[in-house]
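Open the model in your viewer and keep the sequence panel beside it. The stops below take in a helix, a metal site and some salt bridges.

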Amino acid sequence: MTDYEIRRVTVGTLSTNCYIIANKETGDACVIDPGDNLTLIQDALHRMKAHCRLILLTHGHFDHILAVGDLRSERAPVCIHRADAHCLTERDMFSPLIPYDPRPFEEADYVFDKEGSYTVAGFTFYVLHTPGHTKGSVCYQFDDNLFTGDTLFKGGIGTLDFGGDADDMRASLQMLCKLPCDYTVYPGHDEKTTLSDEIATNPFLREFKRR
Ligand SMILES: [Zn+2]
Ligand SMILES: [Zn+2]
């Protein structure tokens, strides 16, 4: 099995977690949610002796995508769920808050329409569609690691205030609780955790606990 190194870089005004998953043999890296601070992300890649070959977005909020345009110039394809793909090309309610908006404003290279296993740029991963925080929120599963974006946090869940839907969120959380395995959870904000710990202690998952 390929050996990967996972590193977190916390970026931007909302302290968003950007994750780098690097193949230790080849140095090929997948960057999840390059939300700002391109130089911090590039420094981390450099220290890992890695090069960005793929950009995966858990959803389209500005704090997860601001550095996509610049990072993409390394010719890494950008992937996002279809329901959030418009966030890459449209100005939105957040635009006036950002003095210099270096967003991509270019379409994604690859758009996920449905849940399943995908291989892009040499990386194989599973896409779980988990709407709720946004319509196009997804979780990415790499082996026993689950990158949950703003769907699931340690002890919390993402807000519904910016394009969210409570019924969708409920269904997505219930689906995560029914996953057959345990995973290390890498959320879009705050510290990592495990799915089993969240099922045991996260108040937002209490109703889905198996009795
Ligand atoms: Zn968000
Ligand atoms: Zn966020």
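Contact here means heavy atoms within 4.5 Å. Helices (H or I, at least four residues) and strands (E, at least two) are DSSP runs, numbered from the N terminus. The model is predicted, so local features need pLDDT of at least 70 and side-chain atom pairs count only at pLDDT 80 or more, while totals for chains, interfaces and linings use all residues. Residues are numbered from 1 along each chain as its sequence is written, chains are lettered from A and ligands numbered from 1 in the order in which they are written, and side-chain values use heavy atoms, with hydrogens and water left out.

**Stop 1: helix α4**

Select residues 166-177. This is helix α4, with twelve residues and a reach of 16 Å from its first C-alpha to its last, close to the 16 Å expected at 1.5 Å a residue. The expected span is 1.5 Å times one less than the number of residues.

Which residues of α4 are buried? Colour Met169, Ser172, Leu173, Leu176 and Cys177, which are the buried ones; buried means under 20% relative accessible area, exposed over 50%, and partly exposed in between (1.4 Å probe, protein chains only). Now look down the axis of α4: its buried residues fall within an arc of 140 degrees, so they line one face of the helix. The arc is that of the directions from the helix axis to the C-beta atoms. An α-helix has 3.6 residues a turn, so residues three or four places apart point the same way.

Next, show what covers that face. The cover of the buried residues of α4 includes the strands β8 (123-129), β9 (138-142), β10 (145-149), β11 (152-153) and β12 (156-157), together with helix α5 (195-201).

**Stop 2: the zinc ion (ligand 2)**

Centre on the zinc ion (ligand 2). Its protein donors are Asp63 (OD), His64 (NE2), Asp150 (OD) and His189 (NE2), lying 2.1 to 2.4 Å from it. Donors are N, O and S atoms within 2.8 Å of the metal (3.2 Å for Na, K and Ca); water is not among the atoms, so sites may look incomplete.

Why is the arrangement around the zinc ion (ligand 2) irregular? The four donor atoms subtend angles of 90 to 157 degrees. Four donors count as tetrahedral if all angles lie between 85 and 135 degrees; four count as square planar and six as octahedral if opposite donors are over 155 degrees apart and all others between 65 and 115; anything else is irregular.

In the sequence panel, the donor residues follow the spacing D-H-x85-D-x38-H. Histidine 64 sits in helix α2 (residues 62-65) and histidine 189 in the loop between β13 (184-187) and β14 (193-194), 125 residues apart. Histidine 64 is buried at a relative accessible area of 0%, and histidine 189 is buried at 12%.

The zinc ion (ligand 2) and the zinc ion (ligand 1) are 3.5 Å apart, and aspartate 150 coordinates both.

**Stop 3: salt bridges**

How many salt bridges does the structure hold? There are nine, a salt bridge being a side-chain nitrogen of Lys or Arg within 4 Å of a carboxyl oxygen of Asp or Glu.

Select arginine 72 and glutamate 106, whose side chains meet in a salt bridge (3.3 Å, N to O). Arginine 72 lies in the loop between α3 (68-71) and β5 (78-81), and glutamate 106 in the loop between β5 and β6 (110-112), so the pair ties together parts that are 34 residues apart in sequence. Arginine 72 is buried at 11% relative accessible area, whereas glutamate 106 is partly exposed at 47%.

Finish at lysine 24 and aspartate 3, which form a salt bridge at 3.7 Å, N to O. Lysine 24 is exposed at 52%, and aspartate 3 is partly exposed at 43%.
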